[in-house]
Amino acid sequence: MDDYLQVNRSNWNARVPVHVGSAFYDVEGFKAGRNALRPFELDEVGEVTGRSLIHLQCHFGLDTLSWARAGAEVTGLDFSEAAIGQARKIAAECGLTARFVTADVYDAERALGETYDIVYTGIGALVWLPDLTRWARTVKALLKPGGFLYIAEFHPFVDVLDDESGTKITEDYFDRGPHVWEYPHTYTGPEILEHQTTVQFRHGLGEIVSAVAAAGLRVEFLHEHDHTLFRRFGALVDDGNGFRRPAGEPRTPLMFSLRASYPRS
């Protein structure tokens, strides 16, 4: 637990070249104009032209730069030096204006030194954070009054289900961890990683919402979605708009999105 940050940073630094070269991220397609954001994110965040946006845990910046293409004035923050280096490179190659900063998310207020209209955090971010109360306070400190937080995430219920069918509970939903995992490769393909250990933390939906509310943000909506981005369970099918349960089968939440505003007074 004491060195979780360095363990995870080493793992993510090792992932960066694998991810950049993967079909999953399709960097060349992005450079050609592909938008990396999901349609429901664009709909729920709304118009961003001229608004300042900070993307926490931005990896190598494709989502961040997609917000730039949508008109936002963007900053991306990530603890991986390798990821931030690639983000800057891709931004330059695409002719997009963006600021990228290397820092741990808990140090974001100090590292960034400014506030924003929108704090955005994307898919697969919260599992790397041991303390959501501290995270939510950091989010509020980064927001301008009248601004808002937007989260799009995998639903925490997914993590307790079996990998094949996704219908059997095999893990304890309330076991927050830390959970230490050893995986030889990442989710984009079979390449072997130099650093294979990760430390992750499970956060229930109630914990997430409560942390945001306790920080003084007003929850505007919490949406649960019946689709996800990849075949998380062997039984899911791709209908062209995401991976879902086969037609006629009982559905479970696979992703969620949350928006919470910082009241002006």
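## A nonpolar surface patch

Phe 24, Tyr 187 and Phe 230 together form a nonpolar patch on the surface, with about 280 Å² of accessible area. Patches consist of residues with over 30% relative accessible area and no salt bridge, nonpolar side chains (Val, Leu, Ile, Met, Phe, Trp, Tyr) being joined within 5 Å and like charges within 9 Å. A salt bridge is a side-chain nitrogen of Lys or Arg within 4 Å of a carboxyl oxygen of Asp or Glu, and accessible areas come from the Shrake-Rupley method with a 1.4 Å probe.

This is a predicted model, in which local features need pLDDT of at least 70 and side-chain atom pairs count only at pLDDT 80 or more, while totals for chains, interfaces and linings use all residues. Residues are numbered from 1 along each chain, and side-chain values use heavy atoms, without hydrogens and water.

## Aromatic pairs

The whole structure contains 11 aromatic pairs. Rings of Phe, Tyr and Trp (its six-membered ring) pair if their centres lie within 6.5 Å; planes under 30 degrees apart are stacked, over 60 edge-to-face, and the rest tilted. The rings of Trp 12 and Trp 128 are edge-to-face because their planes stand at 85 degrees, with centres 5.4 Å apart.

Trp 12 is buried at a relative accessible area of 12% (buried means under 20%, exposed over 50%, partly exposed in between, with a 1.4 Å probe and protein chains only). The charged end of Arg 15 sits over the ring of Trp 12, 4.1 Å from its centre; this requires NZ of Lys or CZ of Arg within 6 Å of the ring centre and within 35 degrees of the ring normal.
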